[in-house]
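Please find below my notes on the model.

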Amino acid sequence: MWVFGYGSLVWKVDFKYESKTVGYIKGYLRRFYQHSIDHRGVPEKPGRVVTLIPSKEHNTEVWGVAYKIANQDIESVTKHLDYREKNGYSKKTVTFYPKDIKIEPFEITLYVATKENESFAGPASIEDIAKQVVSCTGPSGSNKEYVYQLADAMRQIAMGANDEHLFALERAVKQLDTD
């Protein structure tokens, strides 16, 4: 089993895996459209974290990390991720395209929050999302740290990848960040 990390799973892996590889999936956009009341915010003041939304263009890419889970660990890792991603995320299988062209594309499981879940925040301006991010903290840390860590990770693993929503939000958060 392979699991795709496109948010905090890119830099904050808290499960056992056999190997990992960088690459992308097609047909989606990474967006800060999900409220976080259990990691980067609280119920009274939800943070914003990423989910994937279908793209109108089938060749758009979302870069991230694929983690290979050993057969003997699938049950425990799945149980752990189901709990970690409990706030509105569900599993979906898609094709993963490794950065290393010697590796063939393969099927991968990802967790995606659809607009039908109660914590789906939906679209908002970059400025409004940034204001929300700067003011929120939850059990896993500050929401702005989440944005900064994800942007840094994307620059390291997918240099040159187009993720304007993420990088525009990072710039807006930095402008508002007074710490």
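The points below take the pockets first, then the core, then the helix.

1. Basis. This is a predicted model, where local features need pLDDT of at least 70, side-chain atom pairs count only at pLDDT 80 or more, and totals for chains, interfaces and linings use all residues. Residues are numbered from 1 along each chain as its sequence is written, and side-chain values use heavy atoms, with hydrogens and water left out.

2. Largest pocket. Its volume is about 350 Å³. Lining it are 24 residues, and Ser8, His39, Arg84, Glu85 and Tyr146 are the closest to its centre. (A pocket is an open set of points on a 1 Å grid over the protein atoms alone, where a 1.4 Å probe fits, with protein on both sides within 12 Å along at least five of seven lines; lining residues have an atom within 4 Å of a point. A volume is the space filled by probe spheres set on the points.)

3. Its lining. β1 (2-5), β3 (28-36) and β4 (47-54) each supply at least two residues. β3 gives the most, with 3 residues. (Helices, H or I of at least four residues, and strands, E of at least two, are DSSP runs numbered from the N terminus.) By class, the lining has 8 nonpolar, 9 polar and 7 charged residues. (Ala, Val, Leu, Ile, Met, Phe, Trp, Tyr, Cys and Pro count as nonpolar, Asp, Glu, Lys and Arg as charged, the others as polar.)

4. Second largest pocket. The volume here is about 270 Å³. Of its 18 lining residues, Glu61, Ala161, Asn162, Asp163 and Glu164 are the closest to the centre. β3, β5 (61-68), α3 (143-157) and α4 (164-176) give two or more residues each. The largest share, 4 residues, is from β3.

5. Core. The largest nonpolar core has 50 residues, with Ile25 and Phe32 making the most contacts inside it. α3 provides the largest share, 8 residues. (Such a core joins buried Ala, Val, Leu, Ile, Met, Phe, Trp, Tyr and Cys through side-chain atoms within 4.5 Å; buried means under 20% relative accessible area, exposed over 50%, with a 1.4 Å probe and protein chains only.) Beyond four places in sequence, contacts of Ile25 (heavy atoms within 4.5 Å) include Phe4, Leu52, Val62, Phe96 and Leu110.

6. Helix α1 (74-84). Val77, Thr78, Leu81 and Arg84 are buried.
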